[in-house]
Every structure is written in C-alpha cells, then in structure tokens.
Amino acid sequence: MSLFAKLSSYDDRSARLAGIGLMLLSIFMFSFGDAMGKFIVATYSVGQLLWLRACAALLVLLPIVWQRRADFLHLERPWLQLLRVTLSTVEVAAFFLATVYLPLADVITYYLAGPIFVTAMSGLLGEHIGWRRWTAILVGFCGVLIALRPSAQTISWPAMIALGGSLSFAVLMLITRSLRATPDIVLATSQFGGTFILGLVLSPFGWVTPSAGSLVLFFTAGIISVAALLCVNRSLKLAPASVVVPYQYSMIVWAVIFGFVVFGDVPSWATIIGAAVIIAAGLYIFVREQQLGRMDSAINPPA
C-alpha cells in the first residue's frame, strides 16, 4: 500500500491532521524550490531554469501520464486549456525573473495578493461581491501598495514584473475554477509542458553550459516542484479546503527565512507590514468564501 493510500485510510480527525501536515510540507518544498530557483538564476538564465526544471518534472510525471494517458485524449474547452497553460507559463517565468532583482520575500508578498485579485476580478465579471469582501479587497490592495512603496524612486520594472505575474496567477486561478472536470494530472503536466516549451525557446539566449553540480540543482528543483504539487493535491483530498488552505500563508515565513539565510536579505518594514495586511485581507475573504459555500479562491502556489 502506498503512503498516500495509507493516508487516505485514516479516520476523519487523522485525515485532517495529515492534510495539514502535507500542506505545510508542500509549502516548505515550494519555498525551498523558489529559493533554489533564485540561487540558480544568479548564474544561469531564467530560460535555462524553466527548461531543465521542466525536464526533470516531466520525467518524474511520465509514468503517471502513461498510466492516465486516456485522460489527455478528450480535454474540455481546449482553447481555455491553452490560455491556462499560457498564463501559468507567464507567471512562473515572471516569478523567477523578478527574483533575479528582488528579495524573495518581496516577490512572495506580491504573489500572496493572488486570491484578493481573484475575488476582485470575480466581482468585475459579474459575480456578486458583498460590501464586506469589497472592503477586504480594498484593504488587501492597500497592503500591496504598502509593500510596493510607490514613488518615482521605488517603483521598478522587477516589481511590475512580479505584480504582472501575480495578476496572471489570479486569472489562472479563475480559469482553473471553470475547468474542475479536468483531471489533476492533466492540469499539472500541461503547466510543466508550457514552461518546457518557453524554456526551450529562451534557453539558447545567454546559454551557460551547466556543470554536473548545477544539473543536480536544476533537476532537484524540478523534482521538488512535482513533490510539492502532489502533496498539495493530496492535502486538499484529505481535509476540507477551509482547514488546510490558510496554512499556505506560511510561505511568507519561509521566504523571509530562506531570503535571510541564503541571500542575506533583510525584509523591510514596508514588506512585512504589507504582507501582514495582505494575509489578513486574504484570510477574511477566505472565511467569507467558506461561509458562502465557495472554496474556489484558494491559493495554489506556482507549479
């Protein structure tokens, strides 16, 4: 019996605890992979990172893809699937490009605003949003502004790239809402497939032949991203989203720790306060979504 099968056989309380544990583990792995990616792009291009990371991820997923190959034959709304893959590829590329120039905690802070952007766009697209959630949305945007510290001196292209990636991430989550019937393996594989193609196109520009040690780093980053994604999916199957999703905000804690230990980055007070405001607004929106019976605006870290 596999580990995941054993976890699925737990009673309700044990399953919830296992779900929380897997969510915390996945966020640690995502954060570790993000720090590893930032370390890699200090020497190699973002294109190389995307391509070699995706190669490793697709190799790991290949046995599952072969086993579930029938799921790939009949996709719902193929054009929407293509748009989703495009947005996923853009937001991952934007994330790692932003980390070349910004501290890891800053980039993560902008991405934590994703659920706030999702709720705001849902309202603009005609979904009813009450005054409480609109208030939380405005508060969350204030948190983004605090972290961004907008002025002629502080607004930079890397910050705009990170925000653009966060917005792409938000639209990606909205599209994923409407593709619920698509199996998880199809969604995950298509995301890595998108980064594989973009990386393949970009990697010849500024190519640096990786050493054996660097290849290990590239492939470790890919394997970690797959393992983290599988843990997130299993966590959401073991426990209700309302139980496990709030733990995903622990990502900012790991971003600060890895940023300081690995890169010597000390987050500014503006970043810390902005992140706190964004998290508070996001948690409030999440609670309201739960009360209204809609759990689709959960955070799903970039694959």
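**Notes on an all-helix chain and its salt bridges**

1. Let's start at one residue: Arg77 has a relative accessible area of 43%, which makes it partly exposed. Keep in mind that this is a predicted model. The partner of Arg77 is Glu76, and the two form a salt bridge whose closest N and O atoms are 3.6 Å apart. Glu76 is partly exposed as well, at 23% relative accessibility.

2. How many salt bridges does a search of the whole structure find? It turns up three. Besides the Glu76 and Arg77 pair, there is one between Asp71 and Arg68, with 2.7 Å between the closest N and O atoms. Asp71 comes out at 23% relative accessibility, so it counts as partly exposed. Arg68 falls in the partly exposed class too, at 37%.

3. Then there's the salt bridge between the side chains of Arg149 and Asp106, at 3.7 Å from N to O. Which parts of the chain does it tie together? Arg149 sits in the loop between helix H7 (131–148) and helix H8 (157–177), while Asp106 belongs to helix H5 (residues 104–112), so the pair links parts that are 43 residues apart in sequence.

4. Is Asp106 buried or exposed? With a relative accessibility of 8%, Asp106 counts as buried, because the cut-off for that class is under 20%. Arg149, on the other hand, is partly exposed at 35%.

5. Stepping back to the fold: the protein chain has 13 helices and zero strands. Read from the N terminus, the order of elements is simply α-α-α-α-α-α-α-α-α-α-α-α-α. Its radius of gyration is 19 Å, close to the 19 Å that the globule rule gives for 303 residues, so the chain is as compact as a globular protein of that length.

6. Now the packing. Of the 303 residues, 50% count as buried. Among contacts in the protein chain with a separation of 6 or more, 89% come from residues 24 or more positions apart.

7. And the surface? The protein chain exposes about 14,000 Å², with carbon and sulfur atoms supplying 72% of that area.

8. Last, the charges. The protein chain carries 18 positive and 12 negative side chains. How far apart do the centres of the two sets lie? They are 3 Å apart.

Methods: Residues are numbered from 1 along each chain as its sequence is written. This is a predicted model: local features need pLDDT of at least 70, side-chain atom pairs count only at pLDDT 80 or more; totals for chains, interfaces and linings use all residues. Side-chain values use heavy atoms; hydrogens and water are left out. Helices (H or I, at least four residues) and strands (E, at least two) are DSSP runs, numbered from the N terminus. The radius of gyration is taken over C-alpha atoms; the globule rule is 2.2 Å times the number of residues to the power 0.38. Buried means under 20% relative accessible area, exposed over 50%, partly exposed in between (1.4 Å probe, protein chains only). Contact means heavy atoms within 4.5 Å. Accessible areas come from the Shrake-Rupley method with a 1.4 Å probe; for residues, only the protein chains shown count as cover. Lys and Arg count as positive and Asp and Glu as negative; His and the chain ends are not counted. The place of a charge is taken as NZ of Lys, CZ of Arg, CG of Asp or CD of Glu. A salt bridge is a side-chain nitrogen of Lys or Arg within 4 Å of a carboxyl oxygen of Asp or Glu.
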